[in-house]
2 protein chains.
Amino acid sequence: MANNIESTVLSSRVRLARNLADYPFPSALKSTAQAKEIIRSVAAAASRLRPFRLYEMDVITENVAQAICDDHLISTELAANRKYGAALIDEEGDEEDGDLRGKYSIMINEEDHLREQYISRGLSLAVAYRKISDIDDELSRTLRFAFDAKLGYLTACPTNLGTGMRASAMLFLPGLTRMNKMNRLIREISRLGHTVRGVYGEGSAAEGYMYQISNEVTLGVSEEYILSEVQRAVLEIVNLEAQARKALLAEDRVGIKDECCRAFGILSNCEKVSNAEFLQLISDVKLGIALGFLEIEDFSSIDDLISAVRPANIDLLIDKPLTAAERDVHRAGECRAALAAVRRTSAGL
Amino acid sequence: MANNIESTVLSSRVRLARNLADYPFPSALKSTAQAKEIIRSVAAAASRLRPFRLYEMDVITENVAQAICDDHLISTELAANRKYGAALIDEEGDEEDGDLRGKYSIMINEEDHLREQYISRGLSLAVAYRKISDIDDELSRTLRFAFDAKLGYLTACPTNLGTGMRASAMLFLPGLTRMNKMNRLIREISRLGHTVRGVYGEGSAAEGYMYQISNEVTLGVSEEYILSEVQRAVLEIVNLEAQARKALLAEDRVGIKDECCRAFGILSNCEKVSNAEFLQLISDVKLGIALGFLEIEDFSSIDDLISAVRPANIDLLIDKPLTAAERDVHRAGECRAALAAVRRTSAGL
């Protein structure tokens, strides 16, 4: 089961929506000056807590905005809000929990004045909640949050009222996807008060087999209840995914292994690869690892690779504008280097 | 140049057409008894010279016939001639020339009573001629060949009259093929009195980039003249191929390297592969080796692989009938094992 969780739950995230009592909601801000005032006061409060770095949307390049968006540290909506938006990101992460290395980010003037979040690896909702809750407690000492004794935290959209909390997990569900079970699962999960949606990557139809589950209800329940309910749903999905993987193998073991190992063979030898093809192939490599056909010491290096070869990140790392063809060559080199640590196994599930 | 020859000329073959004076040509044989008489007398004469093994077409399985046909030891015509045909094959080869390891075969009752041939690796026409000529000299001591003082050796088809000799070389011409130079080359070579034709493999459109060049003229010239003319044409083609490879790389080095290395990545990791896909991919692997993107200690192991994974050979080696799907799985395993000796290089042409 431990291994099933590890190969199914990629990351956990808890985010809290907060608004400052003394300002209108972001959509009703009257001037850039007012937006900047909010950014300054949040940044001042946060910088006392951790070494946050401030990204103001009106000055950062599109590449930088795209890169932090690709890493799920800001939303596409914030990335597009070049006038009022900003983000505080602690890129150092937090090492104290060992493998649960995570990242803090606080979006400013997205739908709410503050969207505080912590993303950590694996199934670690309680850790993520404790981390961001600590930050939230500290911020509330210096910032006056809009809070109603009966309704709880006030938010721009009523779906976030109350706890203002969304707990989510990023899931890798190749078995359920390929056994055509996702539509049914999405319907069932929605009846439990949660949402499951496909995660779409940059420039490609779908970042293979990736889904996000999150709570729908924020009002009239405690934070602890939300966490335990999402956790319970995630564990149920992990079980269903494990069954689906077994069924998938029972159906055509050789075919699936062939597909996964070919994807590994191509990515570890190609001389150029587009982002769209890369996303498809790396999903099959991840599937191969999940099914035990391929093995790697440190699974997170695959996620690091996925992040490193996104178009925006390549440009940032190379630090000069590349043509699409040059990016494809660079991406292939990164793949070859990262996948040198992957081995075919003789076993498998 | 040495390296160009090695990566362009795969094998050399010399074959001599002979007929027995005391029998009508094979197409005019009157009975199976007469055909068997010829087989017996040729086999008796040959077995004194080398450890030839006799394959009589009316008793060997289709698989065995297909396998020796795939290895170019008998013609498709002989393989189809299940009534009168036979072949003497020395599968031990001849090790005395080191790398030039070759194979003797004598087809009986193909178009002529005897078609004696020697196939050796690389550009080695003189060796092949010496080998088969020695056999021919010895056979002529006990068999009475149909010979005319003016016309030379008499053959069923006038195109073989005189020397009865055909000298040929198997060429790997990916550069000329991909630069669309083959049609022109074939026309030019034909003006020199030689024939170039594509070599088609079992079950697939084309055994990638493979061509055979052979002399057209057999009458009114000496054996030595034929050998030197074919050798000259081969060396000219080797030069043209080297130029074409350079031009191909100048056009799209990254694209070609990508193609070759992906083919290597797939074949060295796949779990199943059809014969048709295999032939396509292994051609690209060979191209990658020829261009220096891939390297292997012993190039002939690639040819051994190509031979070993032909459908008929797989069935012979496994010694039980396999389904097509089982054959594809077995073929993939052979590929992984053989290609473990191949490495990507950092250099290349």
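First, the conventions. Residues are numbered from 1 along each chain as its sequence is written, and chains are lettered from A and ligands numbered from 1 in the order in which they are written. Because the model is predicted, local features need pLDDT of at least 70 and side-chain atom pairs count only at pLDDT 80 or more, while totals for chains, interfaces and linings use all residues; side-chain values use heavy atoms, with hydrogens and water left out.

I start with the interface. By contact I mean heavy atoms within 4.5 Å. On that basis, 19 residues of chain A touch 19 residues of chain B. The area buried between the two chains is about 1,600 Å², and carbon and sulfur atoms give 51% of that. Buried area here is the accessible area, with a 1.4 Å probe, that two parts lose on being put together, summed over both. Of the area that chain A buries against chain B, 38% comes from Arg262(A), Asn269(A) and Glu271(A), more than from any other three residues.

Now the charges. There are 6 salt bridges between chain A and chain B, a salt bridge being a side-chain nitrogen of Lys or Arg within 4 Å of a carboxyl oxygen of Asp or Glu. Glu271(A) takes part in one of them, with Arg344(B), and the closest N and O atoms are 2.8 Å apart.

Which elements give two or more residues to the side of chain A that touches chain B? They are α8 (223-267) and α12 (324-339) of chain A. α8(A) gives the most, with 9 residues.

Next, the helices. Helix α10 of chain B, residues 300-308, is mostly covered, with 7 of its 9 residues buried. Buried means under 20% relative accessible area, exposed over 50%, and partly exposed in between, with a 1.4 Å probe and protein chains only. The cover over the buried residues of α10(B) includes β1 (9-18), β5 (114-121) and α9 (275-290) of chain B.

Helix α5 of chain A, residues 125-142, reaches 26 Å from its first C-alpha to its last, close to the 26 Å expected. The expected span is 1.5 Å times one less than the number of residues. Among its buried residues are Leu125(A), Tyr129(A), Ile132(A) and Asp136(A).

In chain B, Tyr129(B) is found in helix α5, and is buried at 16% relative accessible area. Arg15(B) is 114 residues from Tyr129(B) in sequence and 8.0 Å away in space, C-alpha to C-alpha. Beyond its neighbours within four places in sequence, Tyr129(B) is in contact with residues including Val14(B), Met165(B) and Leu227(B).

Last, backbone angles. Most residues other than glycine have a negative phi. His72(A) has a positive phi of about 60°, and is found in the loop between α3 and α4 of chain A. Asn109(A) also has a positive phi, near 60°, in the loop between β4 and β5 of chain A. Are these two buried or partly exposed? His72(A) is partly exposed at 26% relative accessibility, whereas Asn109(A) is buried at 0%.

Terms used. Helix = DSSP H or I, 4+ residues; strand = E, 2+ residues; numbered from the N terminus.
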